[in-house]
Amino acid sequence: MSVLLLLTVSALAFGAMNILGDPLFNILGPVALDVDNPESVELIQAAEEQYNLDDPLPIRWALWLGDFVTGDFGVQFSEDGEPPVRDLISERLPRTLQLLVMAQVLAALIAIPWALWTASRPNSKVDRASTVTSFLFIAIPSFALAVMLKWALSIKLSIFPLAYVANDTFWERSFQMLLPAITLALPAAAIYQRLLRTDLITTLQEDFILTARSKGVSRRSVLFKHALRSSLFSFVTIFAINTGALIGGALVVEQIFLIPGLGRAIVEAILREDFPVVLAIVMIIAFAFVILNLIVDLIYSLIDPRVRSS
Amino acid sequence: MNDPKDIDHVHLDEQAQSLVPLIAGASTFHDEGDTETATKRRLGIGFWIAIGWIATIVTAAVLAPWLPIKDPDANLIQPGERPPYSPSSEFWFGSDQDARDMFSRTIWGARISLTVGFVAIAFGMVVGGSMGMMAGYFRRRWDAVVSFIFLVLLSFPALILAILITSLMDRTLFTISFVLGVLSVAPVGRVARATTISFADREFVLAAKSLGAKHPRIIVRELLPNVVIPMAALALLGMAIAIVAEGSLAFLGLSVEKGATWGKLILTGAGTRSLEDAPWISMAPIIVLFLTVLALNFAGDRLRDYFDVKETAL
């Protein structure tokens, strides 16, 4: 099923790119339209040969797919085709991945204590205030939060650096990425907290909690060991599902904090109409979605044995 | 059932005593939930404030050409001063680097942003809603086909589809709304299908059937009124999502090409230089956009609680 989905995505993307765009024009520029001049006709034929553009679409798709799965992402549509798309991706992808990992770790670090704190005193003033807060964070668009945080923390208070410098050391770059990661983490944390809090409150009303408490287990220990552990499964599920949404957020946030990751790469490629690059990035993100869905399915079958048999 | 009020009367040792607040805390939550059910049939003042804000923004956007506001594209250079101008009685939200009035630009931006949001969700409602209702009513083969289409649409990363199509097409108001509309078909359709199924076997539908009503009449007269009401809540949430999506596309350089949208206004003010010199250029549209999205979300949430929609797919 997931393989079928990836094939569909790649066929749709490849087809759309080739039918709606004009690859020949992207490679050669205005020369591609000049079919009367024998010199440009020669150029056109050479380019068609080089990029297999004279084959029918399905064959080109199959050729491209064969290259793609073996790790050859093709060449960029520019005069010399350098650097290969693969190099570009291997330069950009780790940055986006690091941003996502940092955001998710931060979100979990914020959400779990937050949820435990509010779930242990439901409907108190603190809890009500936190419900309003999480609603605000869930509603705010990532680009709006990014601009506001950049203005307040980087420009007004100068706590965080303004630029991402690719040549700095890993720790310096991680610090430069901290504010973008916080931007992604805050709404994510609000989503996780809301779910985990509801789940914890339900769990705390279960009989086994009462049993544990009457056997003399401390409040703290019940909350952490018994309630949190059984609620963690649903937390992990929403964690995985939300990663998909975070990818989209990361692409946008990269623009605002000027991090040269996949998001910047796709925008630059779109401007140049460089579709081997767009195609490669689209496929990588689609692949990430499919993997995430598989992980979610796996988690479901871990929680609920009935899913495993069906 | 472990009613904590019974536990109070049982002799407990000291450690278990401290359990009571824990459980009682949890049960207060539960009790409040019950009283909430009793008073649930009220939408509350917050809902009407949210609706009021939405109505104000929509009215301002619709009436923008006739409102006594400045021309959004005019360069209103003030003698002896260099733009951007900070907010003042002359420029309520300040002006941008080209001395254009941000207040009127924000209102004009609302025209495009709200249109995108409205057209997108209207498309989703009409196409997704009717597909979902047909699937839920006729079941069998229809259901299998429609459910498969929804599945494919849902498993396709929405953002990727949006990037893909908008990067290849002319980015007019129509195409952007259309792309976002297609993306909303599956989430809306699933809710329509689920709601229709829950009503399709009810007595009043059976009664209509046994009185000899044809399928179209049953769908339109009996089922539609029941499906439309919970869908209204979804429409508000969906519109918020579409408005935010337009903003995200703007930051990828893929929003509507002509005219100002909220997303594009924020983008122009989001550079480091203009945030240092003139934060109001991006803050004014951010605040208006945020309040609008917040109001749509809040009103949608309240409506959903009010009509108690179980399925929340959006």
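Biologist: In what order do the elements of chain B run from the N terminus on?
Modeller: The model is predicted: local features need pLDDT of at least 70, side-chain atom pairs count only at pLDDT 80 or more, and totals for chains, interfaces and linings use all residues. Residues are numbered from 1 along each chain as its sequence is written, while chains are lettered from A and ligands numbered from 1 in the order in which they are written. Elements are DSSP runs numbered from the N terminus: helices are H or I of at least four residues, strands E of at least two. Chain B has 13 helices and 0 strands, and its elements run α-α-α-α-α-α-α-α-α-α-α-α-α.

Biologist: Over which residues of chain B does pLDDT stay under 50?
Modeller: pLDDT is the predictor's confidence in each residue, from 0 to 100. Chain B averages 77, with 84% of the residues at 70 or above. Where pLDDT is low, the predicted coordinates should not be read in detail. The stretch under 50 is residues 1–39.

Biologist: How many residues does chain B bring to its contact with chain A?
Modeller: Two residues are in contact if their C-beta atoms, placed from the backbone, lie within 7 Å. Chain A gives 46 residues. Elements giving two or more of them include α1 (2–20), α11 (219–257) and α13 (275–303) of chain A. From chain B, the count is 41.

Biologist: How many nonpolar residues are on the side of chain A that touches chain B?
Modeller: Nonpolar covers Ala, Val, Leu, Ile, Met, Phe, Trp, Tyr, Cys and Pro; charged means Asp, Glu, Lys and Arg; the others, Gly among them, are polar. This side has 5 charged and 9 polar residues. The nonpolar count is 32.

Biologist: Is Gly129(B) buried or exposed?
Modeller: Gly129(B) lies in helix α5 (residues 102–138) of chain B. Beyond four places in sequence, Gly129(B) is in contact with Val188(B), Gly189(B), Ala192(B) and Met231(B). A residue is buried with 20 or more other C-beta atoms within 10 Å of its own, exposed with 12 or fewer, and partly exposed in between, with C-beta atoms placed from the backbone. Because Gly129(B) has 25 such atoms within 10 Å, it is buried.

Biologist: At which residue does α10(B) bend?
Modeller: The expected span of a helix is 1.5 Å times one less than its number of residues. A straight helix of 37 residues would span 54 Å, but α10 (residues 215–251) of chain B spans only 47 Å between its end C-alpha atoms. A bend is the angle between axes fitted to the seven residues ending at a residue and the seven starting there. Here it is about 50 degrees, Pro225(B) follows within four residues, and the bend is at Leu224(B).

Biologist: What distance does α13(B) reach from its first C-alpha to its last?
Modeller: Helix α13 (residues 280–307) of chain B is mostly covered, with 20 of its 28 residues buried. Its reach is close to the expected span, and both values are 40 Å.
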